Amino acid sequence: MSAQVSFAASVFLVGGGTAISIVAWRRNKRYLPLALMPLFAGLQQFTEGFVWVGMNGNDPLTVLWGAMGFIFFTWFMWPIWVPYSVYVLEPDDSPRKRLFRLMALIGLAFGLLLYIPHGLNSSMVVVEINNQSLAYEKSMWLDYMMPRWLTNTIYVGSDAGGGRIVR
């Protein structure tokens, strides 16, 4: 909604995420990946705050750096981290453990295919304000390889959606 909202959310998420991460570290380290999620979400919101700053100040470089930080989480990190966090919590004898490891590996491959092309070609990073929120992609490299509905299905299947996908 705004830079101020993103930065304020970042403060609360990083603070809360740090606190629960310390608790997880002391009580049961298997919960640490899950406990780190609010902290990572706070860092993601922090980078989005800079996207807003750049958008409002007509500063394309700030938009680019902020957007690359934001999409690092939405397109790369969350599709790996969410299934990995569940994988760590699954008992060793659980038949689902391999499934979550596979989902994390699919998230890694998918994340690399989504994120790296945008890092190599900054003109692919398109951010627009859409109904008082930021929309991050108009063109995705994977659009040349598969229909967007398939990209969205894979993304949601590997991650439960760390970010908003807009066409």
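Which residues does Ser-6 touch, not counting residues up to four places away in sequence? The partners are Gln-45, Phe-46, Glu-48, Gly-49 and Trp-52, where contact means heavy atoms within 4.5 Å. Ser-6 itself lies in helix H1, residues 3-27. With a relative accessibility of 1%, Ser-6 counts as buried; the cut-offs are under 20% relative accessible area for buried, over 50% for exposed, and partly exposed in between, using a 1.4 Å probe and protein chains only.

A word on the model before going on. This is a predicted model, in which local features need pLDDT of at least 70 and side-chain atom pairs count only at pLDDT 80 or more, while totals for chains, interfaces and linings use all residues. Residues are numbered from 1 along each chain as its sequence is written, and side-chain values use heavy atoms, with hydrogens and water left out.

## The overall layout

The protein chain holds 6 helices and 2 strands. These elements are DSSP runs numbered from the N terminus, with helices (H or I) of at least four residues and strands (E) of at least two. Read from the N terminus, their order is α-α-α-α-α-β-β-α. Of the chain's 167 residues, 41% count as buried. Among contacts with a separation of 6 or more, 64% are between residues 24 or more positions apart.

## How the helices pack

Axes are lines fitted to C-alpha atoms, for helices over the stretch in contact, and angles run from 0 to 180 degrees between N-to-C directions.

| Helix pair | Axis distance | Angle |
|---|---|---|
| H1 and H3 | within 7 Å | roughly 165° |
| H3 and H4 | 7 Å | about 160° |
| H4 and H5 | within 7 Å | roughly 170° |

What does the angle say about H1 and H3? The two helices are therefore roughly antiparallel to each other. On this scale, angles under 35 degrees count as roughly parallel, over 145 as roughly antiparallel, 65 to 115 as roughly perpendicular, and the rest as oblique. H1 passes H3 in a left-handed crossing, a term used if the near helix is turned anticlockwise from the far one by less than a right angle, with right-handed used if clockwise.

Ser-6 is one of the H1 residues that meet H3, along with others including Phe-7, Leu-13 and Ile-20. On the H3 side, the residues include Leu-39, Phe-46, Trp-52 and Val-53. The residues of this H1 contact with H3 divide into 14 nonpolar, 7 polar and 1 charged. Here Ala, Val, Leu, Ile, Met, Phe, Trp, Tyr, Cys and Pro count as nonpolar, Asp, Glu, Lys and Arg as charged, and the others, Gly among them, as polar.

H3 spans residues 37-56 and H4 spans residues 60-89. H3 and H4 are likewise roughly antiparallel to each other, and H3 passes H4 in a left-handed crossing. Their contact is made up of 16 nonpolar, 9 polar and 1 charged residues.

Moving along to the next pair, the angle between H4 and H5 makes them roughly antiparallel. The residues in contact between H4 and H5 divide into 19 nonpolar, 4 polar and 2 charged.

## The nonpolar cores

A nonpolar core is a set of buried Ala, Val, Leu, Ile, Met, Phe, Trp, Tyr and Cys residues joined through side-chain atoms within 4.5 Å. The largest one has 17 residues, and those with the most contacts inside it are Val-51, Ala-67, Ile-71, Val-127, Leu-134 and Tyr-136. H3, H4 and H5 are the elements that give two or more residues to this core, and H4 supplies the largest share, 7 residues. A second, separate core has 11 residues, including Leu-32, Leu-36, Leu-39 and Phe-40.

Where is Glu-90 found? Glu-90 is in the loop between H4 and helix H5, residues 96-120. At 11% relative accessibility, Glu-90 counts as buried. Leaving aside neighbours within four places in sequence, Glu-90 contacts Arg-30, Arg-96, Lys-97 and Phe-100. Glu-90 and Arg-30 are 60 residues apart along the chain, and their C-alpha atoms are separated by 9.3 Å.

Asn-58 sits in the loop between H3 and H4. Although not a glycine, Asn-58 has a positive phi of about 50°, and at 70% relative accessibility Asn-58 counts as exposed.

Gln-132 belongs to the loop between strand E1 (128-130) and strand E2 (133-135). Gln-132 is not a glycine either, yet has a positive phi of about 65°. With 56% relative accessibility, Gln-132 counts as exposed.
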